[in-house]
Amino acid sequence: MIHITRREHFNAAHKLYNPKWSEEQNAEVFGKCANPNWHGHNYNLYVTVKGKVNQDTGFSVNLKELSVIIRTYVTDKLDHKNLNMDVDFLKDLMPSTENVAIAIWKILTPHVNALDCQLHCIKLCETENNYVEYFGEQ
Ligand code: NI
């Protein structure tokens, strides 16, 4: 088994806001991230898959095909969108980096399996300093 990673990029807006809470409580927990009129991030998404090296190609996965899958099912749906309102697979989810990474894992799993490899890690960077890694555990 070998691990290989493809990076993709998207820009999106969101806010972190729990409608069950008061304005004060939201402001206390989420700070600037609860800004009612949204704010944006330049996200970097690193998709790591694992597989065996094919003797004919020397590849574990065709990165062009992996890139098309990530763009088609994930980044094209997120890029320049409002993560709270515009994305079918984020509906009813607080669009934290954690929740977005888990949702991306679920979306990509069947498509990665169809390439004869397995998803290993979704790393989603919201800022230069903050990122999450999800390996599929609950
Ligand atoms: Ni934010």
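## A pairing to start from

Asparagine 11 has asparagine 42 of S2 as its bridge partner. That pair belongs to the contact between S1 and S2, two antiparallel strands joined by 13 bridges. Strands here are DSSP runs of E with at least two residues, helices are runs of H or I with at least four, and both are numbered from the N terminus; two strands count as paired if DSSP finds at least two bridges between them.

Before going on, a word on the model: it is predicted, so local features need pLDDT of at least 70 and side-chain atom pairs count only at pLDDT 80 or more, while totals for chains, interfaces and linings use all residues. Residues are numbered from 1 along each chain as its sequence is written, and side-chain values use heavy atoms, with hydrogens and water left out.

## The sheet

Let's step back to the whole sheet. Five strands make up an open sheet with mixed pairing, in the order S3-S1-S2-S4-S5. Strand S3 (81-82) and strand S5 (131-134) are at the edges with a single partner strand each, so one side of each has no neighbour in the sheet.

S1 and S3 run parallel and are joined by two bridges, with lysine 81 in S3 as the bridge partner of alanine 12. Strand S2 (residues 39-51) pairs with strand S4 (residues 118-125) in the antiparallel sense, over seven bridges. Across this pairing, tyrosine 46 stands opposite lysine 123 in S4, and threonine 48 stands opposite cysteine 121 in S4.

## The nickel site

Now to the metal. His14 (NE2), His39 (NE2) and His41 (NE2) coordinate the nickel ion at 2.0 to 2.1 Å. Donors are N, O and S atoms within 2.8 Å of the metal (3.2 Å for Na, K and Ca), and water is not among the atoms, so sites may look incomplete. The donor residues follow the spacing H-x24-H-x1-H in sequence. Histidine 14 lies in strand S1 and histidine 39 in strand S2, so this pair ties together parts 25 residues apart in sequence.

Histidine 14 is buried, with a relative accessible area of 0% (buried means under 20%, exposed over 50%, partly exposed in between, with a 1.4 Å probe and protein chains only).
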